[in-house]
Structures are given as structure tokens and as C-alpha cells.
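Visitor: I would like to learn how to read charged side-chain pairs in a model.

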Amino acid sequence: MTCRVVIGDDVDELRELLCFAVEAEGDMVVVGQAADGREVLQLVEDEHPDVLLLDLSMPGMDGFEVLQALRTNGEDVGVVILSAHTSAAMSGRALEQGADRYIEKGTRGAAIRQVLRDVAREHQPV
């Protein structure tokens with residue numbers, strides 16, 4: 001099974017690099033990418049990805065607002081926060097609001113892929 005991923009980050013170059021990293025081994029495909037939170041929500045609704053790789057700092061609607069909207073709407077998509085914020089308070093808040101994992105920007109591609117696989121597997125119907 002191919003894992004379907006949406007990437008939400010406001011930095012174009014980083015999204016491009018993340019696409020390469022995510023798709024490097026052929027078992028995952030990026031089905032959409034967005035630079036702001038509203039676009040992310042629309043992509044999740046349209047594409048029904050297995051996992052969303054989401055930055056917290058985005059214009060218009062930040063990652064926390066996206067996360068809250070997803071969970072309020074009952075979207076059963078795995079959410080992995082990829083953020084430059086390293087504080088335990090930020091990661092704790094994201095996890096409390098429904099994120100499945102929190103990883104820091106700068107994490108190696110192989111580790112990101114493994115987290116995405118793990119979260120996708122956790123969200124598969126039994």
C-alpha cells in the first residue's frame with residue numbers, strides 16, 4: 001500500500017525538499033502541498049491523505065488552528081508536526097491538541113519517512 005501524504009509549510013524550498021525526502025523510497029507519494037493553513041484543510045478534504053506533515057508557523061491559519069479544525073471536523077488523518085520550535089511546551093501543546101507526533105525541522109529524511117509510516121499504520125482501519 002502506498003502512503004498518501006500532504007505537506008503544509010509556508011517555505012516553498014522546504015516543501016520541495018520534503019517532497020523529495022518523502023518520496024525517496026517509493027512507498028509514499030505526496031498528493032498535495034500547501035503554504036497556508038486554509039489550503040492545507042482544503043487539500044485534506046479533497047485528497048484524503050493517510051498523513052499530514054504540518055508546520056506550526058504558517059500565514060492565515062497556523063498549524064494549531066489547522067489541527068483543531070481537523071479534529072473538530074472528525075478528520076481521521078494522521079498528523080505529524082514538523083516544526084522549528086524546539087520547546088517542550090510547543091510539542092506538548094501540539095500533542096494535546098491531537099497531533100500524533102512532533103518532530104523538529106532538521107530531522108533526517110529517513111527518520112521523517114519512518115515516522116510518517118508509523119502514523120499512517122496507526123490510522124489504518126483494523
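The dialogue below goes through the salt bridges of this predicted model.

Visitor: How many salt bridges does the structure hold?

Guide: Side chains of opposite charge can pair when their charged atoms come close. Counted as a side-chain nitrogen of Lys or Arg within 4 Å of a carboxyl oxygen of Asp or Glu, the salt bridges number 10 here. Because the model is predicted, side-chain atom pairs count only at pLDDT 80 or more and local features need pLDDT of at least 70, while totals for chains, interfaces and linings use all residues. Residues are numbered from 1 along each chain as its sequence is written, and side-chain values use heavy atoms, with hydrogens and water left out.

Visitor: Where do Arg15 and Asp12 lie?

Guide: Both belong to helix H1 (residues 12–23), 3 residues apart, about one turn of the helix; helices (H or I, at least four residues) and strands (E, at least two) are DSSP runs numbered from the N terminus. Arg15 is buried at 10% relative accessible area, whereas Asp12 is partly exposed at 46% (buried is under 20%, exposed over 50%, partly exposed in between, with a 1.4 Å probe and protein chains only).

Visitor: Which parts does the pair of Glu25 and Arg113 tie together?

Guide: Glu25 and Arg113 meet in a salt bridge of 3.2 Å, N to O. Glu25 lies in the loop between H1 and strand E2 (28–34) and Arg113 in helix H5 (residues 109–122), so the pair ties together parts 88 residues apart in sequence. Arg113 is buried, at 10% relative accessible area, and a network of salt bridges links Glu25, Asp27, Arg113 and Arg117.
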